[in-house]
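Q: Could you walk me through this chain, starting with its surface and then its fold?

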Amino acid sequence: MLRQAVLVLLVLLYFSANAQTMIMGKIVGKSDSLRLPGVSVRIKGVAGGTQTNADGIFKLKIPESLFVKDKIILDISYIGFKSKLVKIEDFKGRTTSFTVALSEDATQLGEVVTTGAIHST
């Protein structure tokens with residue numbers, strides 16, 4: 001009986017130590033509201049991150065160590081658009097979902113280089 005109690009306690013401790021909250025969201029273009037695939041989403045000051053899928057949706061696990069903070073800051077960036085920092089306050093370990101609109105950055109568009117090749121058959 002004591003072994004079972006210890007085992008249950010260890011399992012509970014393992015899952016509580018590895019508990020994570022999910023932040024989910026949708027990234028769209030501000031001018032046309034189209035969903036943006038491949039947008040980089042990172043927690044500022046934390047290694048790693050994720051990208052939006054083909055539908056502009058992302059899911060990011062928040063480590064429990066960040067639950068004690070009053071806010072976290074997401075760093076969202078995409079080629080041809082202005083980067084955006086988004087504050088998420090008072091999430092306290094709850095799953096959070098939201099939509100972010102990115103503005104186009106005309107200055108970055110001048111930096112894009114297009115290359116091509118001509119094939120004759």
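**Surface, confidence and sheet**

A: In this predicted model, the chain exposes about 8700 Å², of which carbon and sulfur atoms supply 57%; accessible areas come from the Shrake-Rupley method with a 1.4 Å probe, and for residues only the protein chains shown count as cover.

Q: And what share of the residues is buried?

A: Of the 121 residues in the chain, 25% are buried, meaning under 20% relative accessible area (1.4 Å probe, protein chains only).

Q: Where is confidence lowest, and where is it highest?

A: The mean pLDDT (the predictor's confidence in each residue, from 0 to 100) is 80 for the chain, with 69% of residues at 70 or more. Confidence is lowest in helix α1 (residues 2–17), at a mean of 60, and highest in β3, at 96.

Q: How many helices and strands are there?

A: The chain has two helices and seven strands, in the order α-β-β-β-β-β-β-β-α from the N terminus; helices (H or I, at least four residues) and strands (E, at least two) are DSSP runs, numbered from the N terminus.

Q: Which strands form the open sheet?

A: Four strands form it, in the order β3-β2-β5-β6 with antiparallel pairing, where two strands pair if DSSP finds at least two bridges between them. Because β3 (50–51) and β6 (84–89) stand at the edges with a single partner strand each, one side of each is left without a neighbour in the sheet.

Q: How many bridges join β5 to β6?

A: Six bridges join β5 (residues 71–77) to β6, and Ile73 has Lys87 in β6 as its bridge partner.

Terms used: Residues are numbered from 1 along each chain as its sequence is written. This is a predicted model: local features need pLDDT of at least 70, side-chain atom pairs count only at pLDDT 80 or more; totals for chains, interfaces and linings use all residues. Side-chain values use heavy atoms; hydrogens and water are left out. Buried means under 20% relative accessible area, exposed over 50%, partly exposed in between (1.4 Å probe, protein chains only).
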